[in-house]
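Biologist: I've got this fold up on my screen and would like to talk it through. Can you walk me around it?

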Amino acid sequence: MLYRLTWDDWLVYLRCDDRRFVERVEGYLDLAAEAVEDDPAITPAADVARNGDGHRVRLPYGETATAAWSDTAFLVLEAVAYGFALATKRLVVHAGGFVEGDGAVVCFGAPKAGKSRLAFAAWRHGLEVLGDDRICLDPAAGRASVYPKCLKIRLDGGSPPADMGDLVKQGNA
C-alpha cells in the first residue's frame, strides 16, 4: 500500500504492507498518512515489507534487512525526514529550539550535546518546543519553525535520566 505524508506543501511517500507500522510513523511524526492508489512510477522515501521475522527496507540509496521494529522505524523515520529536507526550501539545521516570548531560542550542538534534554526541559516549563534535533530556518523571514521529527531522548545505560524518570514511568514522555 502506498501512503502520502504531507508537511506544509511538501509530500513524501511511504510504501508499507503493515498499517500498524504506518500508524506508528504517523504518531512519531505527528503527521497523517493518507492511503493513495499505488503507482510504480513513484519512488517512496521508504518501502517496507515483512521478511520472515523481520523486515526488508528499501530506500532510494539502498536496501537492508532488519529484525526489530525499532531498527525499521529508525530507518523509515530518517528516510521520511530526509525526504522532507529535500522538498523544503527552508534551511534544515541540526539544532534544538523552543519558543520564548515573541522569538525563538535555537541551540546548535554536536550529537549528544544535550539538545534533546534542553528541549525536554523547555517543554516541562510550558514552552513550545520547535525540535530537538532538526529545525527549519527561514533567514529571509527571520523565522524558525518545527521540522517533522520526533523528540529523541537518549537513554544512558537503558534507564531514563533522573529528571525525566517519573514521566517515562508514567508513559508521558
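This is a predicted model: local features need pLDDT of at least 70, side-chain atom pairs count only at pLDDT 80 or more; totals for chains, interfaces and linings use all residues.

Biologist: Let's take α1. Why do its buried residues line one face of the helix?

Modeller: The buried residues of α1 are Phe21, Val22, Val25, Glu26 and Leu29. The face turned away from that buried side carries the exposed residues Arg20 and Gly27. Looking down the axis of α1, the buried set lines one face because it falls within an arc of 145 degrees.

Biologist: What covers the buried residues of α1?

Modeller: Part of the answer is a helix: Phe21, Arg24, Val25, Tyr28 and Leu29 in α1 meet Trp69, Thr72, Ala73, Val76, Leu77 and Val80 in α2. Strands take part as well, and the cover includes β1, β2, β3, β4 and α2.

Biologist: At roughly what angle do the axes of α1 and α2 cross?

Modeller: Packed helices are described by the distance between their axes and the angle between them. Here the axes of α1 and α2 come within 11 Å. α1 passes α2 in a right-handed crossing. The axes cross at roughly 55 degrees, which makes α1 oblique to α2.

Biologist: And the ends of α1: which backbone nitrogen does a side-chain oxygen of Asp18 reach?

Modeller: Just after α1, Asp30 takes a positive phi of about 55 degrees. At the start of the helix, the Asp18 side-chain oxygen comes to within 2.9 Å of a backbone nitrogen, that of Arg20.

Biologist: Over to α3. What arc do its buried residues fall within?

Modeller: The buried residues in α3, which spans residues 115-124, are Lys115, Ser116, Ala119, Phe120 and Ala122. They line one face of the helix, because seen down its axis they fall within an arc of 160 degrees.

Biologist: Now the loops. Is Leu31 buried or exposed?

Modeller: Leu31 lies in the loop between α1 and β3. Leaving aside neighbours within four places in sequence, Leu31 is in contact with Leu5, Thr6, Trp7, Glu26, Phe84 and Pro148. Trp7 is 24 residues away along the chain, yet its C-alpha is separated from that of Leu31 by 7.3 Å. Buried means under 20% relative accessible area, and Leu31 has 14%, so it is buried.

Biologist: What does the side chain of Thr88 reach?

Modeller: Thr88 is found in the loop between α2 and β7, and at 8% relative accessibility it counts as buried. Setting aside neighbours within four places in sequence, Thr88 is in contact with Trp7 and Trp10. At 3.1 Å, its side chain reaches the backbone nitrogen of Arg90.

Biologist: Which side chain makes a polar contact with the side chain of Arg90?

Modeller: Arg90 lies in the loop between α2 and β7. Neighbours within four places in sequence aside, its contacts are Trp7, Asp8, Trp10, Cys136, Leu137, Asp138 and Ser145. The polar contact between side chains, at 2.9 Å, is with Ser145.

Terms used: Residues are numbered from 1 along each chain as its sequence is written. Side-chain values use heavy atoms; hydrogens and water are left out. Helices (H or I, at least four residues) and strands (E, at least two) are DSSP runs, numbered from the N terminus. A polar contact is a pair of N or O atoms within 3.5 Å; within protein, one must be able to donate a hydrogen and the other to accept it, and residues adjacent in sequence count only if both atoms are side-chain atoms. Contact means heavy atoms within 4.5 Å. Buried means under 20% relative accessible area, exposed over 50%, partly exposed in between (1.4 Å probe, protein chains only). The arc is that of the directions from the helix axis to the C-beta atoms. Axes are lines fitted to C-alpha atoms, for helices over the stretch in contact, and angles run from 0 to 180 degrees between N-to-C directions. Angles under 35 degrees count as roughly parallel, over 145 as roughly antiparallel, 65 to 115 as roughly perpendicular and the rest as oblique. A crossing is left-handed if the near helix is turned anticlockwise from the far one by less than a right angle, and right-handed if clockwise.
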